[in-house]
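This briefing covers a protein model with two topics in view: the fold of one chain and the interface it forms with its partner.

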Amino acid sequence: MHTTQKKTYIILTIICLLGYSWLGYNLVITTKPESSAKTVCVIKHTTGIPCPSCGSTRSVISLINGDFSKALYINPLGFLIAVIMILLPFWIITDLVNKKNTLFKFYKKIEIILQKKIIAIPLILIIIINWIWNIIKEL
Amino acid sequence: MLITSRLTNFNLSNQYTNIMTNQKADMFMMTNGKFFPSHQLGHIREKLLKIDENNWGSIQMLQFKDPTTALILSLLVGSLGVDRFYLGHTGLGVGKLLTCGGMGIWQIVDWFLIMGACREKNLETLQRVLY
């Protein structure tokens, strides 16, 4: 039990660090003229169609620039990612300082909630609809 | 005379149940061995021999996740996190889905980790009944 908790915190920290460095890299890239951000999406490289979360980097970047409607148009998932990326570091640090596991408890609770069919099926449908919209927009 | 015959009777029935549990345990190991980490198989068999007769029903009702299915899911739709959702690691699945399979890196790492993770998950399921 204790090892899974430690693992969860390590994975979340790594995701957070990688996310911020990826975002920073993209912010620097987009400020330079005549250079476009590269995509690392495997689905897009192999099949040519965008994946459900393609465009979320661009969405977060437009959020940083204050362009909410553009962010919503590019990929609504960007809002979710932005909220997670803002909350996660603070939560991890407060947990580390207070030596509590509130984030881990919350994570486990969310996992159990998401596994309920009543909640899971609508969410899957939303993701699929968003995916179809992504394909239509040709991100 | 009566006592000794009863004693032998008791011994015989005891032996009989022993053989039955042995057979059941072996049968379980043969059909479900592939679902568990190989270094834990001996330990699992020992545990199965010790458990109560009443617990067998609930153990045989258990549903295990197939590592091969997990690998196929990981290879085909790993960047959507479906393999992690299949194992019940919903949080990691959402993480993979939102990050395009961890920018492709996590997805490739999971091709190699997912079968082991699946076997560990099955062991967890079994341990919930065994302990």
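From the N terminus on, the elements of chain B run α-α-α-α-α-α-α-α. The secondary structure of chain B thus amounts to 8 helices and 0 strands, where helices (H or I, at least four residues) and strands (E, at least two) are DSSP runs numbered from the N terminus. The model is predicted: local features need pLDDT of at least 70, side-chain atom pairs count only at pLDDT 80 or more, and totals for chains, interfaces and linings use all residues. Residues are numbered from 1 along each chain as its sequence is written, chains are lettered from A and ligands numbered from 1 in the order in which they are written, and side-chain values use heavy atoms, with hydrogens and water left out.

**Chain B on its own**

- Of the 131 residues in chain B, 40% are buried, meaning under 20% relative accessible area (1.4 Å probe, protein chains only), with exposed set at over 50% and partly exposed in between.
- Among contacts in chain B with a separation of 6 or more, 61% join residues 24 or more positions apart; contact means heavy atoms within 4.5 Å.
- Chain B exposes about 7800 Å², and carbon and sulfur atoms supply 63% of that area (Shrake-Rupley method, 1.4 Å probe; for residues, only the protein chains shown count as cover).

**Interface between chain B and chain A**

- The contact involves 16 residues of chain B and 22 residues of chain A.
- The two chains bury about 1500 Å² between them, 77% of it on carbon and sulfur atoms; buried area is the accessible area (1.4 Å probe) that two parts lose on being put together, summed over both.
- On the chain B side, Leu98(B), Cys100(B) and Met103(B) lose the most area to chain A, together 40% of what that side buries.
- Helix H6 (90-98), helix H7 (100-103) and helix H8 (105-130) of chain B each supply at least two residues of the side that touches chain A.
- H6(B) gives the largest share of that side, 6 residues.
- By class, the side of chain B that touches chain A has 8 nonpolar, 8 polar and no charged residues (Ala, Val, Leu, Ile, Met, Phe, Trp, Tyr, Cys and Pro count as nonpolar, Asp, Glu, Lys and Arg as charged, and the others, Gly among them, as polar).

**Ser62(A)**

- Ser62(A) lies in helix H3 (residues 56-64) of chain A.
- Ser62(A) counts as buried because its relative accessibility is 4%.
- Leaving aside neighbours within four places in sequence, Ser62(A) is in contact with Asp67(A), Lys70(A), Ala71(A) and Ile74(A).
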